[in-house]
Amino acid sequence: MSRRWIVHAVLLTGGLVMVMPFVWQLVVSLQTMTESMRVPPTAVPSWQWHNFADVFRTVPLGRQFLNTVVVTAAVTAGQLLLCSLAAFAFARLDFPGRGPVFMLFLAVLMVPGELFLLPRYEIMQGLGWLNTLQALIAPGVFGAFGTFLLRQFFKTLPRELDEAARLDGANPLQIYWWIMLPLVRPGLLALGLLTVMWSWSSLLWPLVVNTDPEMMTLSAGLASLRGQYLTNYPILFAGSVVASLPVIVLFVVMQRQLIAGIAFTGSKG
């Protein structure tokens, strides 16, 4: 019994440590500028609710919120479709060079994303896509991690399903769409949630490719609130609360499905 209490105490302590940054973010968002810079910090704010209205007047937060929703939805849909197609091919189809090609896919995961920043920017510039939403969407609609994740799910399905479908006259695309895809729904859900969280909080690429505030996402728009010499932290934190709230709610609601999907990934190599 005592060991159980120790485990619960450790878990509770860890949970509080992880929650404290979000609590402090909310506290500062309700403070005045003077309170936010006070040492020692002020734990109880003066409840400056107008900070949330001020952030909408400081930056076009409503338009940036809409941009983020559009980009996140498009990137997530692209990841689910293209990664599942590639994963199905690597897991269920036999073609020359399948192993080496898949190893090249995995090698991409070991390359820092910053190395692709300049080539991607030059491509977007050549296409005339700077300061557009498609510049934010196109580089993110496919990923090696999503392909690897869904491949693990496809490999857990019995081969008899393919053979039975071929005997009924189904081609590979029909097998993928009507038989395999519904069976890997936990993997699709896990990938979808991970992609939503990654795309929603992406900062570096949106900050580089779009400089027009009307075409920025939330993360880039909030980054523009940081001044060179002085930053209005209550306004910045109020915007951060608005930006992070949808993802927090989504994770709280879907955390069981996300954990189950990730745990199931390693059941078969």
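**Entry 1: fold**

I counted 14 helices and zero strands in the chain; helices (H or I, at least four residues) and strands (E, at least two) are DSSP runs, numbered from the N terminus. The model is a predicted one, in which local features need pLDDT of at least 70 and side-chain atom pairs count only at pLDDT 80 or more, while totals for chains, interfaces and linings use all residues. Residues are numbered from 1 along each chain as its sequence is written, and side-chain values use heavy atoms, with hydrogens and water left out.

I looked up the extent of the C-alpha trace, which spans about 75 × 65 × 30 Å along its principal axes. Of the 269 residues in the chain, 37% are buried (under 20% relative accessible area, 1.4 Å probe, protein chains only). I then took the contacts (heavy atoms within 4.5 Å) with a separation of 6 or more, and 74% of them join residues 24 or more positions apart.

**Entry 2: largest pocket**

I searched for pockets on a 1 Å grid over the protein atoms alone; a pocket is an open set of points where a 1.4 Å probe fits, with protein on both sides within 12 Å along at least five of seven lines, and lining residues have an atom within 4 Å of a point. The largest pocket has a volume of about 980 Å³, taken as the space filled by probe spheres set on the points, which are joined across faces, edges and corners. Its lining has 35 residues, of which R120, P139, G140, F142 and W198 are the closest to the centre. Helix α11 gives the largest share of this lining, six residues. I sorted the lining by class and found 23 nonpolar, 10 polar and two charged residues; Ala, Val, Leu, Ile, Met, Phe, Trp, Tyr, Cys and Pro count as nonpolar, Asp, Glu, Lys and Arg as charged, and the others, Gly among them, as polar.

**Entry 3: second largest pocket**

I noted a volume of about 710 Å³ for the second largest pocket. Among its 23 lining residues, F22, Q25, S244, L245 and I248 are the closest to the centre. Helix α14 supplies the largest share of the lining, 11 residues. The lining divides into 16 nonpolar, six polar and one charged.

**Entry 4: R92**

I located R92 in helix α4. R92 counts as buried because its relative accessibility is 2%. Its side chain reaches the backbone oxygen of L157 at 2.8 Å. Leaving aside neighbours within four places in sequence, I found R92 in contact with residues including F154, P158, D162 and M180.

Key. Buried means under 20% relative accessible area, exposed over 50%, partly exposed in between (1.4 Å probe, protein chains only). A polar contact is a pair of N or O atoms within 3.5 Å; within protein, one must be able to donate a hydrogen and the other to accept it, and residues adjacent in sequence count only if both atoms are side-chain atoms.
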